[in-house]
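Open the model in your viewer and follow the stops below in order. Each stop says what to select and what is there.

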Amino acid sequence: MTTLSLRAYTPQATVHDHDHHQLVLPIRGHLDIQVGSHHGTVVTGECVIIRPGESHLFHAKDAARFIVADLDYLPDNLAASQRVVFSISTLLMNYLLFLEAQLQGEVDKHIDQLSIALFLGLLEKQTCDQRVDRRLLRVLDAMNAQLEQSHDVASLARLAHLSPTQFHKVFRDNLGVSVKQYLTARRMERARAQLIHTDLSVQQVAEAVGYQNLSAFSRRFSCYFGQSPREMTRQYSSLTPPND
């Protein structure tokens, strides 16, 4: 059975193990942890995997907060990974912030079950063999939060405290694509979601992901997905039942 809880750890290190899988995800502050032969710090935007029977030691500042998931099984993508710590998606991180508020509210068994189901669904989409260089975490957050901005390399490099040349290399080494390719992918995925799930016009969606020129947006979208924004909107609207 999966349970989610909001926890704080003390500055004094404690050692224990348990007979279930556990995931620890910082949402405020960081956690110093030792799991097996791994020893290091886990920060916001990362997840640590603790398997059954693994002795682990951890400590954190009193103000730090964590979402802890106790699981009777690991999703296949986590079970197949050899990593102890991996970087989570912006979408999962945003959901953890929602969970922080939800777990401090009234207990509702039905909502708790739905919350767990969504958590597991997002978890299954993680690329668990990837741990992004921490200098890039603030950069990725800024890019994903403001896709409408131009995000020139010089400004992003300053945010990561790297030179533009170093930034290019670190970014590609970690993400496997260039900054431009990453931004394009995020913008196109955001645009598709808004076209399908909102009533925004194509022009409004284009502007929301950084395109002032509708023709340029439509060309990029068509190249990326193989169909135009209007074609995609019509395709999904035809699958939606009409309102009564």
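This is a predicted model: local features need pLDDT of at least 70, side-chain atom pairs count only at pLDDT 80 or more; totals for chains, interfaces and linings use all residues.

Residues are numbered from 1 along each chain as its sequence is written, and side-chain values use heavy atoms, with hydrogens and water left out.

Switch to cartoon. The protein has 10 helices and 9 strands (DSSP runs numbered from the N terminus: helices are H or I, at least four residues; strands are E, at least two). Its C-alpha atoms fill a box of roughly 60 × 55 × 30 Å along the principal axes.

Next, select Leu23, Leu25, Leu78, Ile88, Leu92, Leu96 and Phe119. These have the most contacts inside the largest nonpolar core, which has 24 residues. Such a core is a set of buried Ala, Val, Leu, Ile, Met, Phe, Trp, Tyr and Cys residues joined through side-chain atoms within 4.5 Å; buried means under 20% relative accessible area, with a 1.4 Å probe and protein chains only. Among the elements that each supply at least two residues of this core are strand S3 (21-28) and helix H2 (90-102).

Which residues does leucine 25 touch, not counting those up to four places away in sequence? Zoom in on Glu46, Cys47, Phe66, Ile67, Ile88, Leu92, Leu96 and Phe119.

Finally, select Leu137, Val139, Tyr182 and Leu183, which are included in a second, separate core of 18 residues.

Definitions and conventions:
Buried means under 20% relative accessible area, exposed over 50%, partly exposed in between (1.4 Å probe, protein chains only). Contact means heavy atoms within 4.5 Å.
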